[in-house]
Amino acid sequence: MYIAMNRFRVHPDHEEAFKKRWLDREVLLKTVPGFESFQFLQGPRYEDYVLYASHTVWESYDAFIGWTKSEQFRAAHANAGEGKPLTVGPPVFEGFQVLQNITN
């Protein structure tokens, strides 16, 4: 299992537009082999930004790499960087191999 996360520092004045961009988008992940789940997370609020993260669980690292090379990935990121910047700096990617997974 592999977890891919992107952290976004969102300017407080652009928070609603940022959320709308994520929540109104077409979700293509479900069509990619090895996709397990996705969470869009809101974190703590700081003076100059609000922390958000995308959290995607993949069956394996290879499944994640397959996503990054897919037509769905290109389509999902086709408009990235267009429009008014909503974040304070670029997103920060973090990838994790799952060593232990405890479920209900």
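This is a predicted model: local features need pLDDT of at least 70, side-chain atom pairs count only at pLDDT 80 or more; totals for chains, interfaces and linings use all residues.
The chain holds 3 helices and 4 strands. Read from the N terminus, these elements follow the order β-α-β-β-α-α-β. Along the principal axes, the C-alpha atoms fill a box of roughly 35 × 30 × 20 Å. Of the 104 residues in the chain, 28% are buried. The accessible surface amounts to about 7100 Å², and carbon and sulfur atoms account for 53% of that surface. Among contacts in the chain with a separation of 6 or more, 71% are between residues 24 or more positions apart.

The 4 strands form an open sheet with the order S2-S3-S1-S4 and antiparallel pairing. Strand S2 (35-45) and S4 each have a single partner strand and stand at the edges, so one side of each lacks a neighbour in the sheet. On average, and with direction ignored, neighbouring strands of this sheet are turned by 15 degrees against each other. Strand S1 (2-10) is joined to strand S3 (residues 50-58) by 9 bridges, and the two run antiparallel. The pairing of S1 with strand S4 (residues 92-97) is also antiparallel and extends over 6 bridges. Individual positions illustrate this arrangement. Met-5 stands opposite His-55 in S3 and opposite Glu-94 in S4. Val-10 stands opposite Val-50 in S3.

Helix H1 (residues 15-23) packs on the sheet and touches S1, S2 and S3, and the direction of H1 makes about 175 degrees with that of S2. The buried residues in H1 include Glu-15, Phe-18 and Trp-22. These three cover an arc of only 65 degrees around the axis, which puts them on the same side of H1. An α-helix has 3.6 residues a turn, so residues three or four places apart point the same way. S1, S2 and S3 are included in what covers the buried residues of H1. The face of H1 turned away from the buried side carries Glu-16 and Lys-20, which are exposed.

Tyr-52 lies in strand S3. With a relative accessible area of 1%, Tyr-52 is buried, because the cut-off for burial is under 20%. Not counting residues up to four places away in sequence, Tyr-52 touches Asn-6, Arg-7, Phe-8, Val-10, Glu-15, Phe-18, Lys-19, Phe-40, Leu-41, Gln-42 and Gly-43. One of these residues, Gln-42, is 10 residues from Tyr-52 in sequence and 4.5 Å from Tyr-52 in space, C-alpha to C-alpha.

In H2 (61-68), Ala-63, Phe-64 and Trp-67 are buried. They lie on the same side of H2, because the arc they cover around the axis is only 100 degrees. The buried residues of H2 pack against S1, S3, S4 and helix H3 (71-76).

The largest nonpolar core consists of 8 residues, namely Tyr-2, Ala-4, Leu-29, Val-32, Trp-58, Ala-63, Phe-64 and Trp-67. S1 and H2 each supply at least two residues of this core. H2 gives the most, with 3 residues. Another core, of 7 residues, lies apart from the largest one and includes Phe-8, Phe-18, Tyr-52 and Leu-86. In soluble globular proteins, nonpolar side chains tend to be buried together. Within the largest core, Ala-4 touches Ser-54, His-55, Thr-56, Trp-58, Phe-64, Phe-93 and Glu-94, residues up to four places away in sequence not being counted.

Glu-71 is found in helix H3. Its relative accessible area is 55%, and Glu-71 is therefore exposed, the cut-off for exposure being over 50%. Glu-15, by contrast, is buried in H1. Glu-71 and Glu-15 are separated by 56 residues in sequence and by 29 Å in space, C-alpha to C-alpha.

Technical notes
Residues are numbered from 1 along each chain as its sequence is written. Side-chain values use heavy atoms; hydrogens and water are left out. A nonpolar core is a set of buried Ala, Val, Leu, Ile, Met, Phe, Trp, Tyr and Cys residues joined through side-chain atoms within 4.5 Å. Buried means under 20% relative accessible area, exposed over 50%, partly exposed in between (1.4 Å probe, protein chains only). Contact means heavy atoms within 4.5 Å. Two strands pair if DSSP finds at least two bridges between them. Axes are lines fitted to C-alpha atoms, for helices over the stretch in contact, and angles run from 0 to 180 degrees between N-to-C directions. Accessible areas come from the Shrake-Rupley method with a 1.4 Å probe; for residues, only the protein chains shown count as cover. The arc is that of the directions from the helix axis to the C-beta atoms.
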